[in-house]
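Here are a few friendly notes to read beside the structure. Please keep the 3D view open as you go through the points.

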Amino acid sequence: MTASPRRAWSRPGTLIAAAATGIIGLGLCATPASAHTPNWSADCSKVEVHLTAYNRNVENTVTITADGKDLLPKTTFGASFEKTIDLPAHTAEVKLHLSVVAGDGKNFSKEDDKVAPVCEGSDETTPTPTPTPTETKTTESPEPSETPSEEASTAPSAAPSTPSTDESPAGDLAETGASSSTPLLAGGAAVALLAGGGLLFANRKRRAAARH
């Protein structure tokens, strides 16, 4: 008589234990699916970010800096976030920092650092070609000459006079243009002048007498 109630209570207890075990098992199976997985990588030219299995019902944020400057400004995401970011050209290693803040707990957040190396050949400087200036052709009229061109050869100068080879006899003085007949000619001219004057005077006197 007393055994029947015990058996009746044992069956519900068994069912409850089985249900609890199933719930725990489902919870354990669901745990990996809801785990926060922050993965990222960097090389000399780019940064790749893969954030998966985050809580979509809260606000999650991600930020990436390169040498202290924003490479990826603070960005809000839900259950996942994936992005590839090109790095600017650099000739030295670049220090990268990833900051992921999970909205459902600090234990799911992540702070991590990486270094982007220098790409091969990026340290070689390529000389910039110097642009060739374009020649501008202009047509200019010739300017008139300020002074006439000098003749290549000058006119021959007058030949120096050749001294006369005629020489006066030794002891004779050189002629000065005067001769011994000069006084005679001067006296004859004076006589002719006086005669002319006398004739003119006599002629006038004769005319005056004829009128009276």
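**Notes on a disulfide and a sheet**

1. Let us begin with Cys44, which counts as partly exposed at 22% relative accessibility; that label covers what lies between buried (under 20% relative accessible area) and exposed (over 50%), using a 1.4 Å probe and protein chains only. Cys119 is partly exposed as well, with a relative accessible area of 23%.

2. A word on the source: this is a predicted model, where local features need pLDDT of at least 70 and side-chain atom pairs count only at pLDDT 80 or more, while totals for chains, interfaces and linings use all residues. Residues are numbered from 1 along each chain as its sequence is written, and side-chain values use heavy atoms, leaving out hydrogens and water.

3. Cys44 and Cys119 are joined by a disulfide, S to S 2.1 Å (the term means a pair of cysteine sulfur atoms within 2.5 Å). Cys44 sits in the loop between strand 1 (37-42) and strand 2 (46-52), and Cys119 in the loop between strand 7 (110-116) and helix 2 (182-211), so the pair ties together parts 75 residues apart in sequence. Helices (H or I, at least four residues) and strands (E, at least two) are DSSP runs, numbered from the N terminus.

4. Now look at the open sheet: four strands in the order 4-3-6-7, with antiparallel pairing. Two strands pair if DSSP finds at least two bridges between them. Strand 4 (69-77) and strand 7 stand at the edges with a single partner strand each, so one side of each has no neighbour in the sheet.

5. Strand 6 (residues 94-101) pairs with strand 7 over seven bridges, in the antiparallel sense. Val100 stands opposite Lys110 in strand 7.
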